[in-house]
Amino acid sequence: MGLDLKNTRNIGIMAHIDAGKTTTTERILFYTGTLHRMGEVHDGTATMDWMVQEQERGITITAAATTTYWDYHDQNYKINIIDTPGHVDFTVEVERSLRVLDGAIAVFCAVGGVEPQSETVWRQADKYNVPRIAFVNKMDRPGADFFGVVHQIKERLGSNPVPMQIPIGSEENFIGLVDLIERRAIVWKPDEKLGMRYEYVDIPASMVDEVEEWREKLIESVCEQDDDLLERFLEDRTSITVEEFMDHTRKAVIGHRIVPVLCGAAFKNKGIQRLLDAICSLLPSPLDIGAIQGINPYTEKEEERKADENEPLAALAFKIATDPFVGRLVYLRVYSGTIKAGMTVLNPRTGKKDRINRLYQMHANKQIPKEFIEAGDICGAVGLKEVATGDTLCDMKHPISLESMIFPEPVIGVAIEPKTQADMDRLGLALNKLAEEDPTFRVKTDADSGQTIISGMGELHLEILMDRLKREFNVECNQGAPQVAYKEALAETVKHREVFKKQTGGRGKFADIEVEMAPGDSGVSGLQFIDQVKGGNVPREFIPAVEKGFKEAIRNGVLASFPMESLKVTLKDGSYHPVDSDSLAFEIAAKQAFKHALRKSKVKLLEPIMSVEVVTPEEYMGDVIADFNRRRGQITGMESKASGRIIKVHVPLAEMFGYVTVLRSLSSGRATSTMEFSHFAEVPSELASQVIEKTTGIKTLV
């Protein structure tokens, strides 16, 4: 038996780009003794940013996992940390990390406050019910405003932020903080470069009233969450001990009723030790999260697994990486039971067994071999061949399938071709490995041109993938201009009867189906297939073939071979031949029915619409808005902020290529923008004709 499970923390660090996530993680690793020398993002020496591309660009691309230990109140705590990217193109890395974490630290820049990607990651944490604490970083920067950020967390994120510390000074005068519970001021030694040493001093006289005001708010906020505690507090507040108060605070955090707010300056090494204390005292252990629910794939009944090493094994594969030394590495979160090197596990999705050859505890891109990993822990496994992101691995005698993950569709594509024949052979293998690692990266071959088209979440995403092809896999490629990932959709309901007959000596082929095709239900993408055949006119064994035919057909629409966004197909009736009918005949009939029916009905072209947020100084606002009007943009909101005006707008992706450069010249380099996918919308008819003509070379009237 390893460390007590109640002293294990599985946490993630999430934030908007440049809020200081990786720097905060580096400081945590230094103070816990995992690192003996601190790395810096701007120097390209950060431990967690181990990819070459991350070091060059100073951004986090892939979620890195590490394990460290911290002593708090005479107990040793094990902390598994995942440092996630802030750039919206790599949102899948945040999504899959939050799926397996028990708690999170949301880092906010004291100057920027709640920024667009802060909102995105906050929503993702809400989706997976992840309790979190907020850390207001960069308190030493000009324009730092701790209470302004607290207000934004409340207003923009709809949360209940409760400061547990308040800063002493700000900007270059940020020298320490006041712990509101202990009523003690902590000041860092100015001569201490590493911020290791701090001392307790009396609260500055000028801050006594402010400290008491915020302390009252903190106590009231926590006591309000528990009726018994509130009653005792109102009768005799001295009856509540600090330990008891912290225990109730922790329960309120785990119950998503409050978000404790801490502050510091990670780059100047201030506030990190207190943040580590808060991780241990306020964030949940795997035991606090409780049993995980899943479905038994054989009985289809719901079952649960407790966080206990004696329970049957249940683990979730949340990430796949290709390591140059160990090969295909699968990151696992073990929810129950014990996973051992050499053991065979069941994958309920494929119904196949798989063997784990080796197990590792992760430290960024380094691995520490382990014989076994127990419930509540995160590890890397080698040897699993057919596992995909989101798969469950479980005990063969006690099968369970945990809820998988849903990933967004790519919105941008680019055609690539290898420079030499030798590259040609390596390209397929390299693309398969990259697609295996990243569920938002897709590869397909264009049926007409034979070109390989790769699709992703944005220009930066594709740029990094091309860079990885060159460096990691040694494949040189030429690439075309980025293309928008359009989709097609049916605009009306259409009925169609398709009879497929083929007679070529001997046994022929025959299938007859009557279908109704309609636009898909709101919020549902892909194929919705409904079987309404009565009286056995189409035998049961052929119906899956009809569904398969439509599933394949919707990958290429009738306007310009773009995939269908959604389609509802109802199989009404049909007939068969006792000798000539088989599954293949019905599959072909479905594919032909799709083409013939849609060519005689109204089909519309859809384009991805992006949600764009620009922060600009007041004097450039008119130019920025005028530019958006030229780009078919629709302003959805505006607000003022200390750093300038915020403009929110929905713009078609087709109009946004190279926008960063244009914005830079419009605002003399002072405005910044963020962009993420919002939804699909119909392309205006005159533009749709141009897109189809450009794609197919055929003039059309839409």
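Glutamate 655 and arginine 632 form a salt bridge, their closest N and O atoms lying 3.0 Å apart; the term requires a side-chain nitrogen of Lys or Arg within 4 Å of a carboxyl oxygen of Asp or Glu. Glutamate 655 sits in the loop between β37 and α16 and arginine 632 in the loop between α15 and β36, so the pair ties together parts 23 residues apart in sequence. Glutamate 655 is partly exposed, at 23% relative accessible area, and arginine 632 is partly exposed too, at 27%. Buried means under 20% relative accessible area, exposed over 50%, and partly exposed in between (1.4 Å probe, protein chains only).

The model is predicted: local features need pLDDT of at least 70, side-chain atom pairs count only at pLDDT 80 or more, and totals for chains, interfaces and linings use all residues. Residues are numbered from 1 along each chain as its sequence is written, and side-chain values use heavy atoms, with hydrogens and water left out.

Arginine 632 follows α15 and has a positive phi, near 65°. Helices (H or I, at least four residues) and strands (E, at least two) are DSSP runs numbered from the N terminus. In helix α15, residues 621-630, the buried residues are Met621, Val624, Ile625, Asp627 and Phe628. They cover an arc of only 160° around the axis, which puts them on the same side of α15; the arc is that of the directions from the helix axis to the C-beta atoms. These buried residues pack against β35, β36, β37 and α16, contact meaning heavy atoms within 4.5 Å. The face turned away from the buried side carries the exposed residues Gly622 and Arg630.
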